[in-house]
Amino acid sequence: MKKFYIISIIVLQMYCVQSKVQNTDGMTALLLNNASNGAVSDKYNNGSLVHIKRADLVNLSFTGECYDSFTLVGIVVSPSNYYNTPQGGSGGIFNTDLEKWNLSLSNCNSLGFSPPNNTNFGSSTQRPNSNQTFTFKMYSCDPNNNPCSTNAIKASGF
């Protein structure tokens with residue numbers, strides 16, 4: 001009986017193990033679809049996608065991210081191609097009074113997000129990683145480490 005119990009646990013663990021390799025084929029297909037239904041580049045090509053959330057109800061604190069430097073298979077694409085995917089804000093249809101996604105003609109640095117060489121919180125990072133077909137840089141802001149600038153808050157639609 002003890003052997004049966006041990007074998008059952010081993011078999012269960014084998015089925016529950018997940019791969020650590022992220023599959024981004026679906027995201028690549030969505031981006032290619034958005035690009036083919038519009039243009040690979042548009043007026044936001046050198047801009048960014050800003051996502052800001054209220055951290056309190058009196059509009060004193062915000063947290064957020066800014067995304068720019070989008071590439072798909074090594075080709076620079078507009079943030080609007082990502083913005084129109086569910087992961088990128090679904091074109092803004094889910095914006096609320098507490099959370100906003102919006103495109104900006106300005107890049108993340110000019111909106112007040114930390115420069116890429118900043119080693120503190122709020123620095124940029126390459127996402128998902130440099131060997132994927134789709135990549136972008138993500139910057140962050142929060143009230144404790146790197147407060148969101150007024151320009152970033154306004155760019156998001158607040």
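Select Asn 107 first: leaving aside residues up to four places away in sequence, it touches Asn 46, Gly 47, Ser 48 and Asp 68, where contact means heavy atoms within 4.5 Å. The model you are looking at is predicted, so local features need pLDDT of at least 70 and side-chain atom pairs count only at pLDDT 80 or more, whereas totals for chains, interfaces and linings use all residues. Residues are numbered from 1 along each chain as its sequence is written, and side-chain values use heavy atoms, with hydrogens and water left out.

Stay on Asn 107, which lies in the loop between strand S4 (99–104) and strand S5 (125–127); strands (E, at least two residues) and helices (H or I, at least four) are DSSP runs numbered from the N terminus. Its C-alpha is 6.5 Å from that of Asn 46, although the two residues are 61 apart in sequence. Now show polar contacts, meaning pairs of N or O atoms within 3.5 Å in which, within protein, one must be able to donate a hydrogen and the other to accept it, residues adjacent in sequence counting only if both atoms are side-chain atoms. The side chain of Asn 107 reaches the backbone nitrogen of Asn 109 at 3.3 Å and the backbone nitrogen of Ser 110 at 2.9 Å. With 32% relative accessibility, Asn 107 counts as partly exposed (buried is under 20% relative accessible area, exposed over 50%, partly exposed in between, with a 1.4 Å probe and protein chains only).

Next, select strand S6 (residues 134–141), which is largely enclosed by the rest of the structure, because 6 of its 8 residues are buried. Strand S2 (residues 62–72) pairs with S6 in the antiparallel sense over 7 bridges, pairing requiring at least two DSSP bridges between the strands. Leu 72 has Phe 134 in S6 as its bridge partner.

Finally, colour the aromatic rings: the whole structure holds 10 aromatic pairs, that is, rings of Phe, Tyr and Trp (its six-membered ring) with centres within 6.5 Å, counted as stacked with planes under 30 degrees apart, edge-to-face over 60 and tilted otherwise. Phe 62 and Phe 158 form a tilted pair, because their ring centres are 5.3 Å apart and their planes at 55 degrees. This pair links distant parts of the chain, 96 residues apart, with Phe 62 in strand S2 and Phe 158 in the segment after helix H4 (150–156). Phe 62 is buried at 8% relative accessibility, whereas Phe 158 is partly exposed at 25%.
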